[in-house]
Amino acid sequence: MDLDYTPADDAFRAEIRAWLEANLPRALREKVLNHKRLTRDDIASWHKLLGQRGWSAPAWPVEWGGPGWTETQRHIWDAECGRIGAPMVLPFGVSMVAPVLMKYGNEAQKRRYLPRILSGEDWWCQGYSEPGSGSDLASLRTRAVREGDHYVVNGQKTWTTLGQHADMMFCLVRTDPAAKKQEGISFILIDMKTPGITVRPIITLDEDHEVNEVFFEDVKVPVENLVGEENRGWTYAKYLLGHERTGIARVGASNRELAFLKGVALKQKKHGKPLLEDPVFAARVAAVEIELMALEVTAERVIASTSNGRGPGPEASMLKIKGTEIQQALTELMVDAVGPLAAPFDPAFLEGEHAHAAGGDDDAAPLAAYYFNYRKTSIYGGSNEIQKNIISQMILGI
Ligand SMILES: Cc1cc2nc3c(=O)[nH]c(=O)nc-3n(C[C@H](O)[C@H](O)[C@H](O)COP(=O)(O)OP(=O)(O)OC[C@H]3O[C@@H](n4cnc5c(N)ncnc54)[C@H](O)[C@@H]3O)c2cc1C
C-alpha cells in the first residue's frame with residue numbers, strides 16, 4: 001500500500017516548512033548544507049529550540065510532551081528537516097532511552113528523566129558495544145556487582161558516540177555471569193560525572209572526535225538507576241534497537257545531498273562541459289537517484305503499513321541497508337566529481353573557524369572528510385551484514 005497524502009498532510013507540511021524557514025538559524029543551516037562540523041552548542045541549541053516549540057520528540061505521545069503526530073506526519077517532518085538542512089536531533093535520549101523508560105521505567109525514572117530529555121537538558125550516550133562485543137552484543141563483559149544500595153561497575157565500553165559531552169549513559173552490564181549470556185544482563189542509567197569514569201577519544205579517519213572509549217573503575221551506581229528488573233536488560237536492549245533503526249533511511253537528507261552533488265557536478269568541467277552532462281557520470285548519478293526514489297516509496301509503504309497498526313519489524317533492516325548504501329554512494333560521487341579539490345584538509349575551516357578553505361574551493365574542501373566519515377553508516381546501528389542476516393531469517397525465512 002502506498003502512502004496517500006491528504007489535504008491535512010499538505011497543510012501540515014506547509015506549516016512546518018514555514019516554521020523551519022523562519023526558525024532554523026542561518027549559520028547552523030549553512031554548516032549542515034556545506035558539510036561542516038557541528039559543535040556541542042550547535043546540536044544542543046537546536047534541540048532546545050525544538051523543545052520550546054514542542055517538536056524535539058516527534059514520536060512521543062502527548063502525555064509526555066510529544067506533539068502526538070501520526071506516522072505520516074513524522075515522515076513529513078523528517079523529510080522537511082532533511083530538505084532544509086536542519087541538524088539531526090541526537091537519537092540517544094529522545095528516540096532510544098526514552099521509549100525504554102516509557103515502557104519499562106518506573107514512575108520516578110519517567111518523571112525525572114523524560115522532561116529533561118525533551119528539553120535537551122541532559123545529553124545521553126549509548127553504552128552498548130565493548131571491545132569484542134559489537135555484533136555479538138550479548139557477550140558483553142562490563143560487570144555490575146550489587147553492594148547494598150548501589151552497583152559497583154567495572155569494565156569498558158567503546159565507540160561511544162559523543163560520550164565526551166554526555167551527562168548520562170544508558171548502559172548494558174552483566175549482573176549474573178553464571179546465567180545464559182542473554183539472561184545475565186541489566187540495563188542501568190549512569191551519571192557520567194560519577195568518580196571512576198574515564199572517557200578517551202577515538203580519532204576517526206576524518207580526524208574528528210566523534211567516538212570514544214569509556215572505562216569504568218569501581219563506579220558506584222545507585223540501585224534506583226536500574227531500569228525494569230535485574231537480568232532482564234536484554235529484552236529492553238532489543239526493544240531500544242528496534243527504535244534505533246527506524247528513521248535510519250534518511251531519505252530527506254539524501255535528497256538534499258543529491259541536489260548538492262548535482263550542483264557540484266554542474267560546476268566542474270570535463271572537456272569544457274559540465275561534468276553532469278558527461279554520459280558516464282550522469283548515468284552514475286541517475287542510478288543513485290533511482291535507488292533513492294525506490295527507497296522513498298519503500299519507506300512510505302512501510303509507514304503506510306505501520307499506520308495500520310503493524311510495527312515496522314524487519315523491514316527496518318531493508319531501509320537501513322538501502323539508506324546507508326545510498327548515503328555512501330552519494331559521498332563517493334561527490335569526491336569523484338571534485339577530484340583533487342577534495343584533497344586539502346583544513347580542520348579549522350571544517351570547524352567554522354576559517355571563512356574559506358585552504359584549498360580554495362569551499363564546496364569541495366569538506367568532501368573528503370565527509371566521505372571518510374560516512375564509512376561509519378554501514379557499521380553502526382547493527383552492521384549491514386547483520387541486517388542481511390535479519391532479512392534472511394525474518395523476511396525470507398531462510
Ligand atoms: C561511528 C560509530 C559510532 C558508534 N556509536 C556507538 C555508540 O554510541 N554506542 C554503542 O554502544 N556502539 C556504537 N557503535 C558500535 C557499533 O554498534 C558496532 O561497531 C557494530 O555493532 C559492529 O560491531 P563491531 O565493531 O564489534 O564489529 P564486529 O561485530 O567485530 O564485526 C566485524 C565485521 O564482521 C561482520 N560480522 C560480524 N558478525 C557477523 C555475522 N554473524 N554474519 C555476518 N557478518 C558478521 C560485521 O558485519 C563486520 O563487517 C558505533 C560504531 C561506529 C563505527
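1. Domain bounds here come from an automatic or database domain assignment.

2. The model is predicted: local features need pLDDT of at least 70, side-chain atom pairs count only at pLDDT 80 or more, and totals for chains, interfaces and linings use all residues. Residues are numbered from 1 along each chain as its sequence is written, and side-chain values use heavy atoms, with hydrogens and water left out.

3. Helices are DSSP runs (H or I, at least four residues), numbered from the N terminus.

4. Now the polar contacts (pairs of N or O atoms within 3.5 Å). A side-chain N or O atom of S383 sits 2.6 Å from a ligand oxygen. For a polar side-chain atom of E385, the distance to a ligand oxygen is 2.6 Å. Y128 uses a backbone N or O atom, 3.0 Å from an oxygen of the ligand. The protein buries 66% of the 980 Å² that the ligand exposes when taken alone (Shrake-Rupley method, 1.4 Å probe).

5. The largest nonpolar core has 54 residues. Its members are buried (under 20% relative accessible area, 1.4 Å probe, protein chains only) and joined through side-chain atoms within 4.5 Å. I117, F170, F187 and L189 touch the most other members. Helix 5 (residues 91-104) gives the most to this core, with seven residues. Domain 1 (7-89) and domain 2 (124-231) each supply at least three.

Note on methods
Polar contact = N/O pair within 3.5 Å; in protein donor to acceptor, adjacent residues only side chain to side chain. Buried < 20%, exposed > 50% of the residue type's maximum accessible area, 1.4 Å probe, protein only. Helix = DSSP H or I, 4+ residues; strand = E, 2+ residues; numbered from the N terminus.
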